[in-house]
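I opened my notebook to look up a few things in one structure. I went strand by strand, then to helices, cores and charged pairs.

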Amino acid sequence: MRRSIGIVTTSRADYGIYQSLLRRIHADPTLELRVFVSGMHLSPEFGATVGDIERDGFPITARVEMLLSSDTPQAISKAIGLGILGFAQALEHNRPDMLVLMGDRFDMFAAAVAAVPFGLPLVHIHGGEITEAAIDDVLRHACTKMSHLHFPATHAYANRLIQMGEEPWRITVAGAPALDDLEEANPGENEVAAAVHLDAEALAQALLVTYHPVTLESGDAARQIGNLLDALRTTGRTVIFTSPNADTGGRALVHRIRDFSNTYPHARVVANLGRALYFGLMRRVAAMVGNSSSGVIEAASFGLPVVNVGNRQRGRLRTCNVIDCGYGREDITRAMERALSPEFRHSLRGLVNPYGDGHAAERIVQVLKHATLGEALLKKLFCDHELPIAAAQAS
């Protein structure tokens, strides 16, 4: 019998990262792919991107509705509860042999919690990372402790998992799946430009902006986005916005960005580009601005200058293409001026991405195919490590 592998996808972001893994599982005659769809995928407000999954021909096993029409802290907590209920029902009727989760979002966390009572082996991708200013940090580490197999992107993140008590044999450093098959995700220049209603010359001078809510700093969101938009206006360049996540404060950011686009003639707002067009933009724009993980993880592969605003990505490994700055308008403006300088762009030639070599899905699938299911996998031991702080306290 084929081994069934469930994949939980909740947004366009993780779906794009999963692409190479989904294709490999779907094509393997010894594996059966089951896709569990939830979160922003099912919301028309966020582009109803479940349609992308259908068009790509991947089998959708279950659709788990969980988002509310609000993104307050209470609404996010309620959404987690709805997600646990929904995934519990989905797993009762369509239980796979293994369930794959990615990263750190509250909707992924809901799927993990629902799976635990089933004694279902959980597979976690992108564990061990740090994002200090987001609740994602807590949720990511919680998913680590509920999971049975781990695929961190780098050796540094693997070491963190070991610090968290995970047994080393459960950990395989895979790299970032988003870096797989980058050359195939390379539409033509005219196709990319047409998608954002620009010509090729204007595209090469444009800024790609992806800015998500900083969930542990929600009280400062209005100042943060206001300063960013003011700084972008001063450039006089075309600005291409992608939509914020469905986190606390996300809808307020969407409204501010739309208001900006109504008064700034060089703004473009896109709800969902898809993986290929998004990477096509990253290959061709002048710089990226915002606080998205794609600026830290994927952008290095394109030698793309990135202005990383604020604290949302603080703690993540990054290369010299990333210019960190604060939330002040002048800080952002100075960082953009540096990123847009020819000298800085030239300095990035030959940049090596530390997040992997483009073979992550291959490594993950090999483990999924050959891992021994049963008691040894499900019963986790906590590996204690003698740390200096323990010795200091004992003395």
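**Entry 1: strands**

Which residue is the bridge partner of T242 in β9? I looked it up, and the partner is V270. I noted at once that this is a predicted model.

Next I checked the pairing of the strands themselves. β8 and β9, which covers residues 267–270, run in the parallel sense and share 4 bridges. Between them the chain passes through helix α10, residues 250–263, and this β-α-β crossover is right-handed.

Then I turned to the pairing of β8 with β7. Strand β7 spans residues 207–210, and its pairing with β8 is parallel over 4 bridges. L207 has V239 as its bridge partner in β8. To get from β7 to β8 the chain goes through helix α9, residues 221–235, in a right-handed β-α-β crossover.

Which way do the side chains of β8 point? V239 and F241 point one way, while I240 and T242 point the other way. I marked all four of these residues as buried.

**Entry 2: helix α10**

I went back to the helix that leads from β8 to β9. How many residues does α10 have? I found 14 residues, with 21 Å from the first C-alpha to the last. That is close to the 20 Å expected at 1.5 Å a residue.

Which residues of α10 are buried? My list reads G250, R251, L253, V254, I257 and F260. I also asked what covers them, and the cover includes α9, β8 and β9. A general point to keep: an α-helix has 3.6 residues a turn, so residues three or four places apart point the same way.

**Entry 3: nonpolar cores**

I looked up the largest nonpolar core, which has 59 residues. Which members touch the most others? They are I7, Y18, L21, I25, L99 and V100. Helix α4, residues 106–115, gives this core its largest share, 8 residues.

Setting aside neighbours within four places in sequence, I found L21 in contact with I7, V100, I125, A361, I364 and V365. Another core lies apart from this one and has 31 residues, including Y157, L277, A299 and L304.

**Entry 4: positive phi**

I then searched the backbone angles. Most residues other than glycine have a negative phi, and most peptide bonds are trans.

D181 has a phi near 55 degrees, a positive value, and is not a glycine. I placed D181 in the loop between α6 (155–163) and α7 (189–195).

H197 is not a glycine either, yet its phi is positive at about 60 degrees. H197 sits in the loop between α7 and α8 (200–204). Is H197 buried or exposed? With a relative accessible area of 66%, H197 is exposed.

**Entry 5: salt bridges**

How many salt bridges does the structure hold? I read off 23. I followed three of them.

D181 came up again, in a salt bridge with R23, where the closest N and O atoms are 2.7 Å apart. R23 is in helix α1 (residues 12–27), D181 is in the loop between α6 and α7, and they are 158 residues apart. R23 is partly exposed, at 30% relative accessibility. D181 is partly exposed too, at 29%.

The second pair is K369 and D28, with 3.0 Å from N to O. K369 lies in helix α15 (residues 360–370) and D28 in the loop between α1 and β2 (31–38), so this pair ties together parts 341 residues apart in sequence. K369 counts as partly exposed at 26% relative accessibility. D28 has a relative accessible area of 12%, and since buried means under 20%, D28 counts as buried.

R251 and D71 meet in a salt bridge at 3.8 Å, N to O. R251 lies in α10 and D71 in the loop between β3 (60–64) and α3 (73–93), so parts 180 residues apart in sequence are tied together. Are R251 and D71 buried or exposed? I noted both as buried.

Notes. Residues are numbered from 1 along each chain as its sequence is written. This is a predicted model: local features need pLDDT of at least 70, side-chain atom pairs count only at pLDDT 80 or more; totals for chains, interfaces and linings use all residues. Side-chain values use heavy atoms; hydrogens and water are left out. Buried means under 20% relative accessible area, exposed over 50%, partly exposed in between (1.4 Å probe, protein chains only). Helices (H or I, at least four residues) and strands (E, at least two) are DSSP runs, numbered from the N terminus. Two strands pair if DSSP finds at least two bridges between them. A crossover is right-handed if, with the strands pointing away from the viewer, the path from the first strand over the helix to the second runs clockwise. The expected span of a helix is 1.5 Å times one less than its number of residues. Contact means heavy atoms within 4.5 Å. A nonpolar core is a set of buried Ala, Val, Leu, Ile, Met, Phe, Trp, Tyr and Cys residues joined through side-chain atoms within 4.5 Å. A salt bridge is a side-chain nitrogen of Lys or Arg within 4 Å of a carboxyl oxygen of Asp or Glu.
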